Amino acid sequence: MTGGIGSGKSTVAEAFRQLGIVTVDTDQASRKVVEPGMPALTEISAHFGADILQADGNLDRAALRQIIFSDPQQKQWLESLLHPLIRKWIAQQLGAAQSPYVILESPLLFETDQVQLVDTTVLVDVPVELQIKRACARDNNPVEQIQSIIDAQLPRDIKRARADRILDNSLPLETLSERVATLHRELLKLIHSTN
Ligand code: ADP
């Protein structure tokens, strides 16, 4: 399942969990692999210096973002360290899931090789103006910041063309669980037709 920032992925994922479906969040993967005690955090602090850690031992994400934003080589170093670890964490979570199907929730499904991990794709879709409005209201962030994140993601029409299914999330929240239940039944049918 994919969708740009503010499209409603987390909200839709929660509705699927209510139906007993396991969801795996790629954003959570990128936080998990750098938790204290994980080997990646030791490597990161050895590479960038202990200042990259906060007093409580957690990664100072803002400081790291600052470094890699202005230095493509460091960005590359970090990505080559984290990418395989994130992929491994995701594969483990997907493999361990005990529901009829599993949802991989990723804002960058089509932009990365994560799409290779899934059998079918669902786009949580809203018009860009609504995406910006909801993301700004949720995070209390300026429009420009949300816009720059949107600009770094694939354009809406390309995602719409690539997705196997589209869940229209411009409709009111009150109708979401019903629409998710319909999609859930379709996905169950899909499993039965392919197995
Ligand atoms: P994402 O995970 O894709 O970034 P979220 O699920 O956090 O998006 O949704 C962004 C914001 O929009 C949240 O505040 C959420 O409560 C709200 N939202 C999600 N779906 C709807 C909807 N159908 N109607 C109104 N608000 C919604």
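The structure is a predicted model, in which local features need pLDDT of at least 70, side-chain atom pairs count only at pLDDT 80 or more, and totals for chains, interfaces and linings use all residues. Residues are numbered from 1 along each chain as its sequence is written, and side-chain values use heavy atoms, with hydrogens and water left out.

The protein contains nine helices and four strands, where helices (H or I, at least four residues) and strands (E, at least two) are DSSP runs numbered from the N terminus. Their order along the sequence is α-β-α-α-α-α-β-β-α-α-α-β-α. The C-alpha trace spans about 50 × 40 × 30 Å along its principal axes.

Of the 195 residues, 37% count as buried. Buried denotes under 20% relative accessible area, exposed over 50%, and partly exposed in between (1.4 Å probe, protein chains only). The accessible surface comes to about 11300 Å², and carbon and sulfur atoms contribute 52% of this area. Accessible areas come from the Shrake-Rupley method with a 1.4 Å probe, and for residues only the protein chains shown count as cover. Among contacts with a separation of 6 or more, 69% are between residues 24 or more positions apart, a contact being heavy atoms within 4.5 Å. The protein carries 20 positive and 25 negative charges, whose mean positions are 5 Å apart. In this count Lys and Arg are positive and Asp and Glu negative, while His and the chain ends are not counted; each charge is placed at NZ of Lys, CZ of Arg, CG of Asp or CD of Glu.

A search of the whole structure finds two aromatic pairs. Phe-16 and Tyr-101 form an edge-to-face pair, with 6.5 Å centre to centre and 80° between the planes. This pair links distant parts of the chain, with Phe-16 in helix α1 (residues 9-18) and Tyr-101 in the loop between α5 (72-96) and β2 (102-105), 85 residues apart. Phe-16 counts as buried at 1% relative accessibility, and Tyr-101 is buried with a relative accessible area of 11%. Phe-48 and Trp-77 form an edge-to-face pair, at 5.5 Å centre to centre and 90° between the planes. Here too distant parts of the chain are linked: Phe-48 belongs to helix α3 (residues 39-48) and Trp-77 to helix α5, 29 residues apart. Phe-48 is buried, with a relative accessible area of 18%, whereas Trp-77 counts as partly exposed at 24% relative accessibility. Rings of Phe, Tyr and Trp (its six-membered ring) are taken to pair if their centres lie within 6.5 Å; planes under 30 degrees apart count as stacked, over 60 as edge-to-face and the rest as tilted.

His-184 is located in helix α9 (residues 176-194) and counts as buried at 13% relative accessibility. Not counting residues up to four places away in sequence, His-184 touches both members of the Phe-16 and Tyr-101 pair, together with Leu-19 and Ile-21.

Leaving aside neighbours within four places in sequence, Ile-90 is in contact with Val-24, Thr-26, Ala-29, Leu-104, Gln-114 and Leu-117. The C-alpha atoms of Ile-90 and Gln-28 are separated by 9.4 Å, although the two residues are 62 residues apart along the chain. Leu-85, also in helix α5, is partly exposed with a relative accessible area of 33%. With neighbours within four places in sequence left aside, Leu-85 is in contact with Val-33 and Ala-40. The C-alpha atoms of Leu-85 and Lys-32, 53 residues apart along the chain, are separated by 9.7 Å.

Two loop positions complete the description. Ser-106, in the loop between β2 and β3 (122-125), is buried with a relative accessible area of 1%. Beyond neighbours within four places in sequence, Ser-106 is in contact with Met-1, Thr-2, Gly-3, Lys-9, Thr-26 and Gln-114. Asn-140 lies in the loop between α6 (128-139) and α7 (143-151) and is exposed, with a relative accessible area of 71%. Asn-140 has a positive phi of about 60° although it is not a glycine.
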